[in-house]
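Welcome! Take a moment to look over the sequence and the 3D view, and then read on for a short tour.

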Amino acid sequence: MILLQIIISGLLLGAIYALFSSGLTLIWGMMNVINFAHGEFVMIGMYVAFVIVTFLHGGPLVFSPAAAILLFLLGIAVYFGLIRAILRGPMIAQILSTFGLALLLRYLAFWLFSANFKTLPEDLIPGVLNLGGILIGMPQLVAGMAALALTLGMHLVLTRTALGSQLLAVAEDRQAATLMGIRPDRMQALAWGVSAAGAGVAGALIATFYYIVPTVGESLALIAFVVVAFGGFGSVPGALAAGLIIGVIQSLSAYWFGPVYKDVVVYALFVAILWIRPQGLMGKV
Amino acid sequence: MRWLGPAGAVLLILYPWIFTGPFYERMGADLLLAAIAASAWNIVGGYAGQISVGHAMFFGAGAYAPLLVYTHWQLPPLAGVPLGVAASLVMAVVIGMPSFRLRGHYFSMATIAAAELVRIVVGNWDFVGAAIGLMGPPVARTVLDLSFRSAVPYYYLFLAVLIALLGTTWLLERGRMGYYWRAIQAGERAARSLGVPARRYKLYALMLSAAFTSLAGSLYALMVGFIDPDSGFGILVSIEMIITAALGGVGTLFGPLIGAIILVPLKTATNSAFGGGGSGLTYILYGGIILLLSRFEPGGLLELWYRLTAHRAPEQIEARHAA
Amino acid sequence: MLLEARSVTQLFGSFRAVSEADLDVQQGDIIGLIGPNGAGKSTFFNCLSGDLVPTAGSVRFEGEDVTRASPEAHARLGIGRTFQIPATFPDMSILDNVMVGAFLRHPHRKDARDAALETIEFAGLKSVSHQRARSLGTPGRKRLEIARVLATGPRLVLLDEALAGLNPVEIQTAIELVRRIHERGITLVITEHIMEVILSLTHRVLVFNQGRTIASGAPKDVVNDPQVIEAYIGRPRRRRAS
C-alpha cells in the first residue's frame with residue numbers, strides 16, 4: 001500500500017520533470033545546444049509564483065500563466081542576445097555561455113531574495129486526497145496533472161500543428177527547412193521561448209509544495225539532463241516516459257535509502273546510461 | 001614586448017619579498033594554487049576541448065585523501081597525496097571512457113553529475129567526516145607534515161608545482177600528444193580522418209588533468225588544514241577553475257596563470273569590500289565575465305591581445321603555436 | 001585489388017541512401033563518382049572512408065575487411081579523405097595542420113615537422129606555412145586539406161568535391177596538383193560535379209542515381225550514356241555554382 005503511494009507520488013513529480021525536460025530536449029534536438037541555465041529558468045518560475053502570491057496576492061491561476069509568459073520572453077531574449085551568437089562557435093563558448101547565464105541568474109536571485117528558504121502558503125491548494133488509504137497532497141496532484149497535460153499538449157502541438165511541424169523541420173534539417181520558406185531563426189527563438197516557458201510553469205507548479213531557494217536550479221538541471229539523456233535527445237515522448245520513470249525511481253530511492261540519496265541514485269543512473277545505452281529510450285545519440 | 005615574460009617570471013619568484021605581510025603572502029599562495037588548478041583543467045578543457053564542469057571531484061579527492069590518512073592513521077598528510085591521485089584517475093576512467101565516444105555535451109553533463117554524486121555521498125559518510133569535514137595536523141609534528149605558519153613556504157612549494165605542471169604541459173604541447181589534442185578540439189571528425197585515435201587521447205588528457213587537479217587539491221588541504229564537502233567538491237570549485245582558465249585563454253600555456261593573476265586579487269577585493277553579501281556579488285561578477293567572454297572573446301584575454309597587436313604585421317598573422 | 005566494395009547498402013531509417021553499390025579500385029587508378037545531388041555518392045563515399053558503417057555489404061582494402069573500421073583505423077591502413085566543406089583546424093597554422101597528419105607516420109616532432117614541410121612544399125603552400133588556417137580562402141583551404149591528408153602517407157585518397165567552388169584558373173592548378181599526387185603512386189577516388197575535371201582526370205567513372213549505380217566505364221562513354229543524361233535531366237552541367 002505504501003509502495004503504491006510512493007509510486008504515485010513519484011509519477012506526479014515525474015510529470016513535472018517531464019514538463020521542464022521536454023523543452024530542454026527540444027532545444028537539443030534543434031540546435032545541439034545544452035542549456036545549462038535551464039534549472040535557473042525553473043527557479044525563476046518558482047520566484048515568480050512567490051512574488052505574485054506575496055506581493056500581489058494572486059493564486060496559482062495567476063502565477064502559472066505569469067511564469068509562462070515571463071519565462072517565454074526571457075527565453076527569446078536569451079536566444080537573440082546570446083545563443084544565436086555562439087551557435088557556430090567553439091564548444092567552450094557554447095557550454096560556458098549558458099553556464100555563465102546560470103551563475104548570473106542564480107546569484108542575482110541570491111542577491112534579491114537572500115539564501116533563506118521560502119515557501120508558499122499551505123492553504124493555496126488545500127487538502128489531501130484519500131484514495132482508499134493512499135494519501136496524495138492536493139498541490140502535488142494538481143501540479144502533476146497540470147504538468148502531464150502541458151507535456152502532452154506540447155507533444156501534440158509539435159506533431160499535429162503546422163507550427164509544430166515547422167519546428168520539427170528545423171530540427172531535422174535546417175537547410176532544407178530554409179528552402180521551404182521556414183525561418184530557422186524564428187523557429188529556434190520560439191523553441192527557446194517555449195522551453196523556458198515550460199520550465200517556468202514547472203517551477204511555479206513545484207513552488208506550491210516545495211521550498212524555494214536560489215540553488216534549486218542546480219539539482220533540477222541535473223535531473224533534466226538525466227531525463228533528456230534517458231529519454232533520448234530530441235524526443236518529447238521520450239522525455240515524458242523518462243521523466244515519469246525517474247520520478248518513480250527517485251521516490252523509491254528516497255524511501256529505501258533515505259531522502260538524501262534520491263538525487264545520488266539519479267546521478268549514478270546517468271553514468272550507467274552512458275555506459276549501457278547512451279541513445280536512451282527513444283532518441284538519437 | 002619580449003621583456004614581459006622574463007619580467008613576469010622574476011616578479012613571481014620575488015613576489016613574497018616585494019609584497020610582504022600575511023595578507024599578501026596568503027593571496028600570493030592562493031593565486032598560485034588557482035593557477036595550478038586552472039592549468040590542470042586547461043589540459044583537458046583547453047587543449048583537448050573537452051569541457052569538464054565537475055573537476056571538483058578530482059580536487060576534492062586530492063584534498064580529502066591527505067587529511068583522511070592523517071585523521072585515521074596519523075600519517076603525514078603527504079602520504080595521502082598518491083591516494084588522491086589514484087582515486088582521481090579511477091574516476092576519470094569511469095567518466096571518460098563511456099562519454100568520450102559520444103558528443104561533447106554528454107561528457108560535460110556526466111562530469112557535473114559525477115561531482116555532485118561524490119559531494120553528496122561524501123557529505124553523508126561518517127568515515128570521511130560527513131558534513132563536518134576533516135582537519136589536518138594543528139601543529140607540525142615533523143617537517144614532513146608540511147604544516148607551516150607562514151604562507152611563504154607554501155608559496156614556493158606551489159610555485160615549484162606550477163613550474164612542473166607548465167613544463168610538462170609545454171613538453172606535451174610540442175609533441176604528438178599536444179597536436180592531437182588540439183586537432184580533436186578544432187575538429188574531431190577531421191582529426192580522426194587523419195588517424196588521431198580521439199577517444200584514447202581524450203582519455204589521456206582527462207587522466208593527466210585529473211592527476212594534477214588532485215595534486216592541487218592536496219596542496220590546498222596542506223595549506224588550509226581543513227576540508228569539507230562544499231570546499232572540496234562544490235560546483236563553485238569547478239567553476240573557478242574554468243573561469244580562471246577561460247579568462248586568460250583556454251588552450252594556451254599561460255592563459256590560466258594570467259586568469260589567476262586577475263581573478264584572485266579581484267575576488268579578494270570584492271569579498272572584503274562587500275562583506276557578507278560580497279560573495280554573492282563575486283559570483284554575479286563571475287557569471288557576467290563568463291557570459292561576456294563566451295559571447296565576444298571565447299579565446300580569452302590572450303586572444304584579445306593577439307588580435308589587438310596583429311595590426312602591426314597584417315601580412316603575417318602569426319599563429320599562436322607557430323612551430 | 002586495392003579497394004573492393006561489394007553490395008554496399010546504407011539505410012537511414014527506411015530511406016535507402018545507397019543500394020547494393022559495387023566498386024573495384026586497382027592500384028594506380030583514378031576513379032570518379034558522379035551523380036546528381038542526393039544520389040547517394042557522398043553517402044557511399046562515407047562508407048568507404050569509415051565515417052559511416054554500411055547497413056549491409058562489405059569494403060575490403062588490400063584484402064582486409066575494413067567495413068566496420070573506424071576513420072582513424074582507415075587512416076592507419078592508408079586510406080585518406082578530404083571533406084567537401086574543408087575541415088581545416090582554423091586557429092592552427094598551416095604547418096601545424098599538416099603536422100597533425102604527419103604525426104601518424106612520424107611520432108617525433110622533428111620528423112613530423114620535416115615531413116610536413118616537404119608536403120607543404122609539394123602542395124605549394126610554403127609561403128603561408130606560418131599563417132593561421134582561417135586566413136586562407138576556399139582554394140587555400142582545399143589545398144591545405146589535401147596537403148594534410150597527404151602527410152598521413154596514404155595509398156588511397158578519397159577526394160570529396162575537392163575542386164568545388166574554385167574559379168577556372170584555380171581548377172587548372174588543382175588538377176595539376178591532383179595529377180602530381182597520382183604520379184607519386186597514390187590511387188584516387190574522386191567525387192565531383194565539374195565535368196571538365198572528371199573528363200580530364202579520371203580513368204573510370206561510376207554514376208550514382210537514387211542510391212544505385214546506373215553506369216560505369218570510361219568517362220567519355222559514361223557521359224554520353226542516355227541513362228546518365230536522363231539522371232541529370234538534360235546535359236550535365238559544366239560547372240556547379242557554389
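What percentage of the 323 residues in chain B is buried? Buried residues account for 55% of them, where buried means that 20 or more other C-beta atoms, placed from the backbone, lie within 10 Å of the residue's own.

## About the model

This is a predicted model, in which local features need pLDDT of at least 70 and side-chain atom pairs count only at pLDDT 80 or more, while totals for chains, interfaces and linings use all residues. Residues are numbered from 1 along each chain as its sequence is written, and chains are lettered from A and ligands numbered from 1 in the order in which they are written.

## Chain B overall

Chain B has 14 helices and two strands, which are DSSP runs numbered from the N terminus (helices: H or I, at least four residues; strands: E, at least two). Its C-alpha atoms fill a box of roughly 60 × 50 × 35 Å along the principal axes.

## A hairpin in chain A

In chain A, strands β1 (residues 128–131) and β2 (residues 134–137) run antiparallel and are joined by four bridges; strands pair if DSSP finds at least two bridges between them. Leu129(A) has Ile136(A) in β2(A) as its bridge partner. Two residues lie between the strands of this hairpin, and Gly132(A) takes a positive phi near 55°.

## Where chains C and B meet

The contact takes 31 residues from chain C and 26 residues from chain B, with residues in contact if their C-beta atoms, placed from the backbone, lie within 7 Å. On the side of chain C that touches chain B, α3(C) gives the most, with five residues.

Notes. Two residues are in contact if their C-beta atoms, placed from the backbone, lie within 7 Å. A residue is buried if 20 or more other C-beta atoms lie within 10 Å of its own, exposed if 12 or fewer, and partly exposed in between; C-beta atoms are placed from the backbone.
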